[in-house]
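Colleague: I would like to learn how to read the features of a model like this one. Could we go through them in turn?

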Number of protein chains: 2
Amino acid sequence: MEAQPRRVRLTREEAKAQTRQALLNAAFEVFSRHGFNGASVDLVAETAGYTKGAVYAHFSTKEDLYLALLDEHLSEDTPDWIEQLEEGAPVAEIAAQIEAQLPEDLERIRAWAMMTLEFFLHAMRNEQVRTRLAERIERGRAEYMGSLEKRYRIDRTGIAPMSLVHLATALMAFENGLSLLGLIYPEILATGIYSETLTRLIGE
Amino acid sequence: MEAQPRRVRLTREEAKAQTRQALLNAAFEVFSRHGFNGASVDLVAETAGYTKGAVYAHFSTKEDLYLALLDEHLSEDTPDWIEQLEEGAPVAEIAAQIEAQLPEDLERIRAWAMMTLEFFLHAMRNEQVRTRLAERIERGRAEYMGSLEKRYRIDRTGIAPMSLVHLATALMAFENGLSLLGLIYPEILATGIYSETLTRLIGE
DNA sequence: GTCTATAGAACGATAGAC
DNA sequence: GTCTATCGTTCTATAGAC
């Protein structure tokens, strides 16, 4: 909209964006430690170095804050390998990469699984929230489907092994289910589970 | 231990077993309506027509009660199709059967998904409970593995498509994940998702 | 001077202690 | 059943960017 400012000092918009980001980072920390219910808006604000007023200037409710965090997660934490999937890279290679990063990502995955769990329960008890969460699931599935479509167009055979809606659904279910089981029984996240299952589902 | 009684009146053991079953039935009803945390032992007892004393005579804690319920569920709600799986019946046929029953089972599935969710969270915060729940997951997986092993021995090819541990894990993850997503976004449980995915994973 | 991001007090609801 | 603490949310005052 405007010319880039030359000053070191932030413009109001930049400062606002920075505050928002600081609040989201704090929210991740607090939500993942205390769960959605256990986390207080006060603590989120304090962790970010602000007060409640700042939170409510950026997010209209606590649910809104969580959903914004989820949106950030959904648009941020996938792109590395989804691109390779679209380009037709061998699944084994992609999966091996995922698995190699797994020990490093484990804590983040666990944190998300816990937050998700509690927010799911919360959403079950409030129709409006449930709908908004369902939208995110649908959006995630659509994204998967788009990538799979690209892949199978590029693929030498050009033939998908099964309905893309169902394949996308199955992939999401598998990932979510595995994170869930891994929460209780971490040994289940053994090497090879990703690469074998994804290869089996998606094809070579 | 003793010879069978000839009286119409129940033996003490039979009466005890009957009470236990009544308590489990009541527990299912109350837990699925109020969740694990929300359910009070008092209400479970009352629903079954007993008092707290009866509950604690059969189960040492509320967790114990839930785990007993889970054990019943695990040993009861699978056998129909696991047998067919072992006998090498076509997966499409098995899956079609599951899907045909799905509308009927939906409420039960949802109830279990909700209870599971809440109990998972509870288990995450108590190491002892977590271990006991992990045992159930492991037991379930072992059962799956046994069935798959039988199937692939019978199967004309005799060759499993992937590591049986991982296949069993993937099946569990898929089922759990799908129930979970279905809680928030019921439309995801569309016809064909089971048959296509199971066929793809297990083989024809 | 105007506008707005944020602080912080105030309110209503709820859960737990006793 | 009463009291208290806590928490989500709303409201208002203010400091500082423009």
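**Reading the model**

Modeller: Start with one residue: B:Pro103 is exposed, with a relative accessible area of 61%. Buried means under 20% relative accessible area, exposed over 50%, and partly exposed in between, with a 1.4 Å probe and protein chains only. This is a predicted model, in which local features need pLDDT of at least 70, side-chain atom pairs count only at pLDDT 80 or more, and totals for chains, interfaces and linings use all residues. Residues are numbered from 1 along each chain as its sequence is written, chains are lettered from A and ligands numbered from 1 in the order in which they are written, and side-chain values use heavy atoms, with hydrogens and water left out.

Colleague: In which helix is B:Pro103 found?

Modeller: Helices (H or I, at least four residues) and strands (E, at least two) are DSSP runs, numbered from the N terminus. B:Pro103 sits in helix H6 of chain B, residues 91–124. Its C-alpha atom is separated by 30 Å from that of B:Ser40, 63 residues apart along the chain.

Colleague: How many helices and strands does chain A have?

Modeller: Chain A has nine helices and zero strands. The C-alpha trace of chain A spans about 55 × 45 × 35 Å along its principal axes. Of the 204 residues in chain A, 48% are buried. Contact means heavy atoms within 4.5 Å. Taking contacts in chain A between residues at least 6 apart in sequence, 66% join residues at least 24 apart.

Colleague: How should I read the interface, and what area is buried between chain A and chain B?

Modeller: The size of an interface is often given as the accessible area lost when the parts come together. Here buried area is the accessible area (1.4 Å probe) that two parts lose on being put together, summed over both. Between chain A and chain B about 4,200 Å² is buried, and carbon and sulfur atoms give 74% of it. A:Met124, A:Ile184 and A:Arg200 supply 18% of the area that chain A buries against chain B, more than any other three residues. As contacts, 46 residues of chain A meet 46 residues of chain B.

Colleague: Now the DNA. Which residues are around DNA strand C?

Modeller: A residue is near a strand if one of its heavy atoms lies within 4 Å of it. Around DNA strand C the residues include A:Arg12, A:Lys16, A:Tyr50 and A:Gly53. Sugar and phosphate make up 75% of the atoms of DNA strand C that come within 4 Å of the protein. A polar contact is a pair of N or O atoms within 3.5 Å; within protein, one must be able to donate a hydrogen and the other to accept it, and residues adjacent in sequence count only if both atoms are side-chain atoms. A side-chain N or O atom of A:Thr19 is 2.6 Å from a phosphate oxygen of DNA strand C, and for A:His58 the distance is 2.7 Å.

Colleague: How many residues surround DNA strand D, and which are the closest?

Modeller: Eleven residues surround DNA strand D, and the closest are A:Arg12, A:Val41, A:Lys52, A:Tyr56 and A:Lys62. A polar side-chain atom of A:Tyr56 is 2.7 Å from a phosphate oxygen of DNA strand D, whereas one of A:Lys52 is 2.8 Å from a base oxygen.
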